[in-house]
Amino acid sequence: MSDKFLRRSLLYVPGSSQKMISKAQTITADAVIFDLEDAVSISEKDQARDNVTRALSEMKNSGKEIIVRINAMDTLWGYKDIMAIASLYPDAIILPKANENSLITADMMLGAMEKELGAELYTIKLIPLFETTYSIANAYQVLGATPRIDGVQLGAEDLTKEQEITRTTSGAEILYARQQLAMAARARCIDIIDTPYTGIKDLDGLKKDTELVKSIGFTGKTCIHPTHIEVINEVFSPTAEEIENANGILAAFEEAINDGKGACMYKNKMVDAPVAERAERIIKKAKRIQTQGIERRV
């Protein structure tokens, strides 16, 4: 998991839109993803890259995570993207159509540039975008390609296109992919980021979809519209009730440990070490959210 940033909500911003790039500094998403790939037409690739390099300089001290989705490594654009942005140190790069070869290639390029610039190795993180049947079928293996990986995102549009199935708002067709990815990423101890919800104005549907992926084990969700940020942040943040319950569990468990016991009862439910550890994670996340919010208001 990322030690530096929360990744509940991550907003895609087209690199070709200077207007949307300018607005990115004021949004409440945990991360901004400047997109050089699917949101940018072929004729706008060079201009988008220039726009994003300027934005990286301007938002260096914004307090939020700045990510760039580059073009695939089997295109010349992908190489140009890395060469242009690496020296500006985005926090992470999303690599589309990711597999072992493309991740190793990107890692080697970034490592060489970090060495040349005198930066610490793995300063720039990689987030592979899993949007092929190969990446889903071989998720754990692909995620082990380089230590630079500290998160993974599901890309449902290209995945369902390859499968020749219809993408729906219910998400039934990508349930297996989500579960497979969640297991592999948890085993690798990295962030698990979901695909955007396609119903732009359907906030109720967005909430249900976000609650579903959270229940599977996802840690965050990307979006393509700012109105989705608040819903996503809410779902991936502990509620006041959850925090109160977690504090109660920890207090009861601590008392049991002090009495020489390995488990106890709290609200008619057994509390042992795994339950206490889960409660501890809730408290830790709540504190992190509060701290990050304060830091951004300074």
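Predicted model: local features only at pLDDT ≥ 70, side-chain atom pairs only at ≥ 80, totals over all residues.

Reader: Which residues of E1 point which way?

Author: Ser 9, Leu 11 and Val 13 point one way, and Leu 10, Tyr 12 and Pro 14 point the other way. All of them are buried.

Reader: How many bridges join E1 to E8?

Author: There are 3 bridges between E1 and strand E8, residues 220–223. The two strands run parallel. Ser 9 has Lys 221 as its bridge partner in E8.

Reader: And how many bridges join E1 to E2?

Author: Strand E2, residues 31–35, is joined to E1 by 5 bridges, again parallel. Leu 11 has Val 32 as its bridge partner in E2. The chain gets from E1 to E2 through helix H1, residues 18–23, and this β-α-β crossover is right-handed.

Reader: What do the strands close into, and in what order?

Author: A barrel of 8 strands. The order is E1-E2-E3-E4-E5-E6-E7-E8, with parallel pairing. From one strand to the next, the twist averages 25°.

Reader: Jump to E5 and E6. How many bridges there?

Author: Strand E5, residues 125–130, pairs with strand E6, residues 151–154, over 2 bridges in the parallel sense. Leu 129 has Gln 153 as its bridge partner in E6.

Reader: Where does H4 pack?

Author: On the sheet. Helix H4, residues 100–117, touches strand E4 (92–95) and E5. The direction of H4 makes about 160° with that of E5.

Reader: Now H2. How many residues, and what reach?

Author: Helix H2, residues 45–58, has 14 residues. From first C-alpha to last, H2 reaches 20 Å, close to the 20 Å expected at 1.5 Å a residue.

Reader: Which residues of H2 are buried?

Author: Lys 45, Ala 48, Arg 49, Asn 51, Val 52, Thr 53, Ala 55 and Leu 56. As background, an α-helix has 3.6 residues a turn, so residues three or four places apart point the same way.

Reader: What covers the buried residues of H2?

Author: The cover includes H1, E2, strand E3 (65–69) and helix H3 (76–85).

Reader: Switching to cysteines. How many disulfides?

Author: The structure holds 0 disulfides.

Reader: Cys 189 and Cys 223: buried or exposed?

Author: Cys 189 is exposed, because its relative accessible area is 51%, and exposed means over 50%. Cys 223 is at 1% relative accessibility, so Cys 223 counts as buried.

Reader: Where is Cys 189 found?

Author: In the loop between helix H8 (175–188) and strand E7 (191–194). The phi of Cys 189 is near 60°, a positive value in a residue other than glycine. Most residues other than glycine have a negative phi.

Reader: What about Lys 97? What's its phi?

Author: Lys 97 has phi near 50°, also positive in a residue other than glycine. Lys 97 sits in the loop between E4 and H4. At 31% relative accessibility, Lys 97 counts as partly exposed.

Reader: Last one, Asn 245. Where is its place?

Author: In helix H11, residues 240–258. Asn 245 is partly exposed, at 26% relative accessibility.

Reader: What does Asn 245 touch?

Author: Tyr 266 and Lys 267, leaving out residues up to four places away in sequence. The C-alpha atoms of Asn 245 and Ile 282 are separated by 9.7 Å, and those two are 37 residues apart along the chain.

Technical notes. Residues numbered from 1 in each chain as written. Heavy atoms only, no water. Buried < 20%, exposed > 50% of the residue type's maximum accessible area, 1.4 Å probe, protein only. Helix = DSSP H or I, 4+ residues; strand = E, 2+ residues; numbered from the N terminus. Pairing = 2+ DSSP bridges. Right-handed = clockwise from strand over helix to strand, strands pointing away. Disulfide = S-S within 2.5 Å. Axes fitted to C-alpha atoms, helices over the stretch in contact; angles between N-to-C directions. Contact = heavy atoms within 4.5 Å. Expected span 1.5 Å × (residues − 1).
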